[in-house]
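Please read this explanation alongside the sequence and the 3D view.

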Amino acid sequence: MPRKIVVTGGTGYIGSHTAVELINRGFNVIIADDLSNSDTGVLEGIEKITGIKPGFKKIDLCSKKDTASFFSGLDRIDAVVHFAAFKSVAESVEKPLDYYRNNLNSLINVIDQMVLQGIPNLVFSSSCTVYGQPDILPVTEKSPVKKALSPYGNTKRVCEEIIEDVSVSGESLKSVVLRYFNPIGNHPGALIGELPRGKPNNLVPVITRTAIGKYDELKVFGNDYGTPDGTCIRDYINVTDLARAHVAAIDRLVSGKNENCVEVYNVGTGKGISVLELLKAFEKAAKVSINYSFADRRPGDIEKIWADPSLANKKLNWKATTNLEETLASAWEWTLNCREKGIL
Ligand code: UD1
């Protein structure tokens, strides 16, 4: 019998890529998503890639009643991968209560049902944002968690604490918390990809939209940082590599190899790339040139961060393998495809 995995937020960017990798590994995937930032067309993309249409339920996990009825209608679930959350840093500053209400309630309702239904394994989608600006680079999982710079970041920190507290309380919940660095790119073939509603804030969607002429130029936020070229440094990780980290986490949990009730892993490449370096790599991969100018620093941005992913390499037997150029080419292919279909 294939193992059954519930993927909340599974029609979103990282969720859909993870659903593909889980299905490709023989898992039976059931997606729960409220479609607030995605649509059911993603399910067709997943089916075209894998040959299998995942189970799907449109559900608002902030509703305790709906979450209970969803989980009680399922039979023998092995694990939940919880992605469902709001994720815009800027929006979270404008609407903090929406972020706390959505991101905390959905996690609480999901864990509540996992405990009630005896579902033992949770993989949680966290972020390197919990480290703030680290004093020492690269960051390991032992680096201190700092005060979050945004309500979004704070929801990730508090969610990690909720998971920790539930484990300490004696419930038989086993969790892997994955702290993502900056996910970019799309599944090769452009059948699923990153499609934020409204104006994107993240760097790669802004670059690709500038490249197709939707925006006149890219504003590079700050060129006076203490980095070699003055622009911010991040650890950009291919989204399929990131998705594979979730499969590795599930493997570890379901095979009982986890050593602690809650395990935390950095999911990054280990390599820091500046905004200008990323821009140049995109121009090379897509064979286009991008108009850009320098603008003021973006409030809340940290100067530099990149991961030490060696714990995940060792314990999850996972490593980021896709090179940056290939990743950026996949982002470009997806954007061109969206433009052709009139979505962009
Ligand atoms: C942020 C969050 C991260 C979250 C992610 C998801 C922090 C510290 N990081 O990542 O936790 O998971 O959003 O949305 O809160 N840039 C430009 N011009 C642009 C857009 C971006 O120069 O038009 C620069 C930014 O200043 C930054 C880099 O590109 O230096 C990456 O920005 P972005 O893609 O928004 O990601 P983060 O802010 O690193």
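Where is the place of Asn258? Asn258 lies in the loop between helix 8 and strand 11, with helices (H or I, at least four residues) and strands (E, at least two) taken as DSSP runs numbered from the N terminus. Before going further, note that this is a predicted model, in which local features need pLDDT of at least 70, side-chain atom pairs count only at pLDDT 80 or more, and totals for chains, interfaces and linings use all residues. Residues are numbered from 1 along each chain as its sequence is written, and side-chain values use heavy atoms, with hydrogens and water left out.

Is Asn258 buried or exposed? Asn258 counts as buried because its relative accessibility is 14%; buried means under 20% relative accessible area, exposed over 50%, and partly exposed in between (1.4 Å probe, protein chains only). Not counting residues up to four places away in sequence, Asn258 touches Lys174, Arg252, Leu253 and Glu263, where contact means heavy atoms within 4.5 Å. A polar atom of the Asn258 side chain is also 3.0 Å from the backbone oxygen of Asn260. This is a polar contact, that is, a pair of N or O atoms within 3.5 Å; within protein, one must be able to donate a hydrogen and the other to accept it, and residues adjacent in sequence count only if both atoms are side-chain atoms. Gly272 is 14 residues from Asn258 along the chain, and their C-alpha atoms are separated by 29 Å.

Two other asparagines can be read in the same way. Asn238 is in strand 10 (residues 236-238) and counts as buried because its relative accessibility is 7%. A polar atom of its side chain lies 2.7 Å from the backbone nitrogen of Thr240. Leaving out residues up to four places away in sequence, Asn238 touches Ile184, Thr322 and Thr327. Asn103 belongs to helix 5 (residues 96-117) and is buried, with a relative accessible area of 3%. The side chains of Asn103 and Asn102 are joined by a polar contact of 3.0 Å. Beyond its neighbours within four places in sequence, Asn103 is in contact with Ala85, Phe86, Thr155 and Cys159.

Pro183, in strand 7 (residues 182-184), is partly exposed because its relative accessible area is 22%. Apart from neighbours within four places in sequence, Pro183 contacts Tyr13, Ile14, Ile237 and Leu242.

Next come some backbone details. Leu137 and Pro138 are joined by a cis peptide bond with omega about -5°, and Pro138 sits in the loop between strand 5 (121-127) and helix 6 (151-168). Lys287 is not a glycine, yet it has a positive phi of about 55°. Its place is the loop between helix 9 (275-286) and strand 13 (292-295), and Lys287 is exposed, with a relative accessible area of 74%. Asn317, also not a glycine, has a positive phi of about 55°. Asn317 is in the loop between helix 10 (310-315) and helix 11 (324-340) and is exposed at 71% relative accessible area.

Turn now to the interior. A nonpolar core is a set of buried Ala, Val, Leu, Ile, Met, Phe, Trp, Tyr and Cys residues joined through side-chain atoms within 4.5 Å. The largest one has 36 residues, of which Ile5, Leu22, Ile46, Leu178, Ile250 and Trp318 touch the most other members. Elements that each supply at least two residues of this core include strand 1 (4-8), helix 1 (13-24), strand 6 (174-180) and strand 11 (262-267). Helix 8 gives the most, with eight residues. Leu178, leaving aside neighbours within four places in sequence, has contacts that include Val123, Ser127, Ala245, Tyr265 and Leu316.

Which residues are closest to the ligand? They are Ser127, Leu203, Lys219, Arg234 and Asp301, out of 20 that surround it; a residue counts if one of its heavy atoms lies within 4 Å. An oxygen atom of the ligand is 2.6 Å from an N or O atom in the Ser127 side chain. Ligand oxygen is also 2.9 Å from a polar backbone atom of Phe221. Strand 8 gives the largest share of the shell around the ligand, four residues.
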